[in-house]
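Here are some notes for a colleague opening this entry for the first time. Please keep the structure at hand while reading.

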Amino acid sequence: MDLPSTLSSPGVSPRALLPSSSLTALDPDIRSVWRIKLCLLHTVIFLGILFYAVTRFFSGTDWTMLLGIVTGVLICMVLYILVWPRWRYDAWGYELHEDELVLEYGVITHVRTVVPLRRIQHLDVSQDIFEREFDLGRLIIHTAGTRSSDVVIPGLPLSTAERIRDEVKQYILNDPLTEDVL
Amino acid sequence: MSSTSPGADLPSDPASSDAPTDRPASSPVAEDASDNGTNVDAMNAGDRSAPASDAPEDTSESASEGASEGDNGLLGAVREPQRLHPLTLFLRFLATLPALALILLPTLTNPDSTIWMPLFLGGVYAVFAVPAIILQYLRFSYRITPRQIVIQSGVINRQNRSIPIERVQNVEIEQRLLARFLNLAQVRLETAGSASTEASIEYVSLRQAHKIRTAVRTYQRAADAQASDSESSSNDAEDATPRSETLFSMSLPHVLLAGAFRFSLFYLAVIFSVLQFVDPETLTNWFLLSQDRIDVVVEAMYDSPVLTVLTTVILAALLGWLSGILLTLNRYYGFTLWMEEGKLRKRHGLFTVTEGTIPLAKVQVMIVQTTPLMRAFGWYTLEVQTMGLNTDQQGQRVVAPFARWSTVLDLANHVRPLDLPETFERVSPLTIRRHFLRRLGVLLAVLAPAVYFWPSGWWHPYDIALPWWGLLAVPALGVAAYLHYHYHRYAIGQDGLYVRRGVLRHYLWMMPINRYQVFYATDSVLQRRLRLKTLFVDTAGASAFAYPDIIDVDAQTADGAVDTLHGQFHSLYRSMVATATAPPASTDARPSLVDPNAVPRALPLPRDSSS
């Protein structure tokens with residue numbers, strides 16, 4: 001990686017990271033975690049719908065229609081639970097470079113992000129009970145940017161998340177610049 | 001956060017004011033004398049109760065080194081715990097009078113009630129509110145040591161807030177109208193990290209206010225001098241009266257002109273909301289009795305409704321225009337901006353004089369704004385976006401409310417030398433279509449329910465429900481979409497990113513390289529079909545709306561732009577690291593931490609594919 005001496009021309013030193021960089025996928029187990037969470041959520045919703053259908057049934061609505069609605073909802077939910085985590089998983093990727101973290105995510109709105117390590121204020125690794133079962137962790141990156149100050153990488157193996165955290169911490173500690181940006 | 005500031009909880013609920021006799025000064029005070037005590041610690045200090053007593057930071061005072069000793073003659077008065085100015089009592093009492101009036105209003109306006117009820121209420125008020133004010137006054141003290149500012153307050157819950165002196169970003173002196181007559185001022189301390197005012201000392205005499213500010217500044221300079229020995233302390237001593245240069249000021253005609261461009265319905269709303277309290281019938285009767293001509297007017301209004309509507313609109317516009325002038329006059333009268341020790345300072349206001357400070361080092365982004373009318377006559381507003389200061393408007397502070405383009409550029413150059421690019425790039429023309437369709441969608445989403453619920457008895461011009469007529473706005477949407485495209489430009493300059501956007505109100509953001517935070521390129525499903533992307537660079541303290549997105553750039557260009565922007569950032573910091581590490585240990589403040597020969601990062605990770 002060569003160091004351009006001056007900034008004489010703005011186009012001189014693009015750092016080709018965005019479309020070209022190869023990204024690491026998340027841990028595949030995260031799909032199971034997402035599915036479990038979606039299942040729980042959708043069970044609650046489905047029970048609500050079911051309850052409504054049953055009350056309508058006893059108040060004399062045609063049962064075939066109710067059954068159709070309930071089955072339709074059920075199929076949609078199952079499809080969603082099966083497909084969505086896979087799409088989401090496919091969309092996700094991250095890579096820790098020398099000076100920056102590159103992220104890519106989002107099914108509907110696709111986002112590519114470059115987070116300079118220098119700009120990271122602090123990092124958290126967190127884990128909920130489902131992630132704990134799969135030994136996964138979530139890396140939460142806080143920057144001073146206001147628009148989206150928290151960047152979250154879900155579904156990293158816990159050891160990886162902690163390794164990245166420690167490396168970034170080390171990077172910040174080693175930074176010779178004492179600039180206070182804010 | 002401001003609710004915890006001693007000024008904000010000023011009219012402390014009268015019901016609780018008799019309690020302090022039960023819990024006198026023995027209520028333990030949390031001492032938060034740690035040097036790195038953050039604001040949060042300071043804020044919580046009142047809630048915690050620690051056995052440490054009222055022997056506050058003797059340590060820190062004794063630790064204050066000789067650097068500040070020369071100032072003791074000048075600042076001695078501030079170092080002792082200080083009370084507020086006695087006239088504060090009077091002002092605070094006045095401030096509670098509206099509450100009293102509100103309490104008495106129902107009984108006073110009720111003709112049946114006797115004189116005893118208001119007297120009783122007034123007596124209750126006097127028993128509770130007056131001691132509350134006095135106790136609050138007695139319990140409030142502040143002092144400024146070389147290390148920190150200590151403010152003790154609170155009647156029942158004692159609060160002991162210590163703000164480390166180097167954290168103080170800004171000492172703002174404000175004089176409201178009444179305080180000005182009494183020559184009093186309110187001192188507000190602002191720190192980084194809290195969006196609102198950290199502490200407020202109200203009221204002290206104006207002289208004392210200036211003294212506090214001088215003290216804080218002197219201590220800060222002393223602390224700076226200690227931190228970096230490169231600066232000789234003798235320089236600081238000479239700088240007791242720092243030289244300043246006025247950068248920008250507005251004369252009275254200038255302020256009035258600025259007001260003429262600012263249309264505001266604010267005062268109209270105030271007037272009408274006040275009128276609500278007055279019985280409308282008496283008002284109308286009074287009008288009718290006093291002036292027969294009102295009948296003529298009413299008849300004329302019945303005769304020609306169109307003319308009436310027209311007149312009303314013109315009248316409202318005129319009043320809005322006038323109130324805009326008055327509002328601007330009140331706010332920006334005597335606007336002066338000057339530079340002092342690397343800080344922009346400004347003072348303005350007619351009834352309420354505000355003095356503000358913007359440290360240049362804290363400026364993130366510069367924003368030039370203009371409305372169509374202002375642009376037609378060549379006037380612009382310059383604002384800077386800061387982080388952690390008391391935010392007037394979403395983290396933006398006005399540097400020049402109303403100035404010519406050349407002045408704006410000149411001022412911006414004072415804030416940060418800038419190199420405005422000659423040419424700006426356009427975004428993809430496809431954005432016209434997208435912008436138009438999006439707005440159309442919003443319009444339909446509003447109109448469709450309105451049409452659906454429109455009662456048949458209501459207005460149907462030409463047998464079509466009124467909301468449908470809203471579709472007449474569609475061509476305007478088209479024009480807006482084109483203007484959006486026309487004015488949306490961006491340029492990656494040598495020193496930063498420049499973005500222009502806006503349909504009616506125009507913005508120009510100037511983001512320097514060293515303020516970039518995070519880089520984004522996003523594409524939604526619809527954008528992907530058109531091979532477009534939105535790119536933006538996050539900055540600290542950016543406002544939630546009016547954000548410098550670059551919308552609908554060709555996908556490849558967008559990715560390339562992000563790479564270029566990040567490349568700028570990267571090479572800038574590479575060279576900064578190189579200069580910081582190259583001359584070994586000569587100027588480096590902390591040479592022990594950095595091995596000058598080592599590459600200052602050790603990330604044993606797979607390299608990126610690019611190189």
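Which residues in helix 13 of chain B are buried? The notes below start there.

1. **Helix 13 of chain B.** The buried residues are B:Ser323, B:Gly324, B:Ile325, B:Thr328, B:Arg331 and B:Tyr332. Buried means that 20 or more other C-beta atoms, placed from the backbone, lie within 10 Å of a residue's own; 12 or fewer is exposed, and in between is partly exposed. Helices (H or I, at least four residues) and strands (E, at least two) are DSSP runs, numbered from the N terminus. Just after this helix, B:Gly334 has a positive phi of about 65°.

2. **Basis.** This is a predicted model: local features need pLDDT of at least 70, side-chain atom pairs count only at pLDDT 80 or more, and totals for chains, interfaces and linings use all residues. Residues are numbered from 1 along each chain as its sequence is written, while chains are lettered from A and ligands numbered from 1 in the order in which they are written.

3. **Cores.** A nonpolar core is a set of buried Ala, Val, Leu, Ile, Met, Phe, Trp, Tyr and Cys residues joined through C-beta atoms within 7 Å. The largest has 83 residues; B:Leu382, B:Ala400, B:Leu535 and B:Leu565 touch the most other members. Helix 19 (residues 555–581) of chain B gives the most to this core, with 8 residues. A second, separate core has 28 residues, including B:Phe140 and B:Ile201.

4. **Helix packing.** Helix 16 (residues 430–452) and helix 17 (residues 474–487) of chain B pack at about 140°, with axes 8 Å apart. Axes are lines fitted to C-alpha atoms over the stretch in contact, and angles run from 0 to 180 degrees between N-to-C directions.

5. **Backbone in chain B.** The peptide bond from B:Glu202 to B:Tyr203 is cis, with omega near 0°. B:Tyr203 sits in strand 6 (residues 199–205) of chain B. B:Asp552 is in strand 20 (residues 550–554) of chain B. Its phi is near 65°, a positive value in a residue other than glycine. B:Asp552 counts as buried because it has 26 C-beta neighbours inside 10 Å.

6. **Chain A.** This chain has 4 helices and 6 strands. Buried residues make up 28% of its 182 residues. A:Asp135 lies in the loop between helix 3 (129–133) and strand 5 (136–143) of chain A. Phi of A:Asp135 is positive, near 60°. With 12 C-beta neighbours inside 10 Å, A:Asp135 counts as exposed.
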